[in-house]
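Please look through the structure below, with its sequence at hand.

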Amino acid sequence: METLQEHEQIIAMPRIGDKAPEFKAVTTQGDINFPSDYKGEWVILFSHPADFTPVCTSEFITFAHLEDKFDKANCKLVGLSIDGLYSHIAWLRTIKEKIEFNGMQNIEVKFPLIEDITMEVAKKYGMIQPGESKTHAVRAVFFIDPKGMIRAIIYYPLSLGRNFDEIYRALIAMQTSDKFEVATPADWNPGDDVIISPAGSCGVAEERMTSTDELNCKDWFFCTKPLDKKDVLDKILKKPKLLAK
Ligand code: BEZ
């Protein structure tokens, strides 16, 4: 039976808009200070239930395969599970040497994987959800912005592998909102129309409905405008390095 203090630690859940809880950790890429080592970049901190399990293995192969794509969007990846460092190292070696998934093989996981046997980090981030498992972290995904603020959180149960297209889409959508001061509608992808903030006064509501510019107002509270895919990607993605002559 856990003490009240232990119970409170387990149910502590950082929320959207909170500062990302700080921690120091040992990882497969050396020690990290989180989130200060990632200042100025986006970071996705994600947990998985256990090393040497099939769903997690499929996720790691997929995430590692996409690492460069996330890096181009100025986003680093950091994984965590309640396993020790040597288990992590052995698992990542096995993944590279032996496992093929969806045509991806010989995949090296280069991003840090945190060892968290004490569950200190998992508890700080609400990754232990006792109704699902008391001993394994659920599949949590924390999107942390360049100022160290939590901007989005997605949780999946142990049996459900994540959708990495959605994780990338959410990252790009939040970066687009920041850069262009717009919101993004359901299923938005770069090149789709974006939503401008709802009218905050009767005057603006009237203006929106009678405007002849590029706004498309379905009603006074629901206005979209085009936003060119190239403009979005030019502003968000890192520029490719020019090859030296
Ligand atoms: C898996 O990754 O396959 C897994 C891990 C924990 C529970 C169920 C499935």
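Phe143 is located in strand 6; helices (H or I, at least four residues) and strands (E, at least two) are DSSP runs, numbered from the N terminus. This is a predicted model, in which local features need pLDDT of at least 70 and side-chain atom pairs count only at pLDDT 80 or more, while totals for chains, interfaces and linings use all residues. Residues are numbered from 1 along each chain as its sequence is written, and side-chain values use heavy atoms, with hydrogens and water left out. Phe143 counts as buried, at 0% relative accessibility; buried means under 20% relative accessible area, exposed over 50%, and partly exposed in between (1.4 Å probe, protein chains only). From Phe143 to Gly161 there are 18 residues in sequence and 18 Å in space, C-alpha to C-alpha.

Strand 6 spans residues 139–144 and also holds Arg139. The UniProt annotation "binding site", from an unreviewed entry, covers Arg139; UniProt positions are given in the numbering used here, feature names are shortened, and annotations may be inferred rather than shown by experiment. Arg139 is buried, with a relative accessible area of 2%. Its side chain makes a polar contact with the side chain of Glu59, at 2.8 Å. A polar contact is a pair of N or O atoms within 3.5 Å; within protein, one must be able to donate a hydrogen and the other to accept it, and residues adjacent in sequence count only if both atoms are side-chain atoms.

Ser47 belongs to strand 3, residues 42–47, and is buried at a relative accessible area of 0%. A polar atom of the Ser47 side chain lies 2.6 Å from the backbone oxygen of Val138. Leaving aside residues up to four places away in sequence, Ser47 touches Leu80, Met127, Ala137, Val138, Arg139, Ala140 and Arg162; contact means heavy atoms within 4.5 Å.

The chain is divided into domain 1 (4–162) and domain 2 (181–236), with bounds from an automatic or database domain assignment. Their C-alpha centres lie 35 Å apart.

The structure holds one disulfide, a pair of cysteine sulfur atoms within 2.5 Å. Cys217 and Cys223 form it, with sulfur atoms 2.0 Å apart, and both cysteines are buried. The disulfide is right-handed because the torsion about the S-S bond is about 110°.
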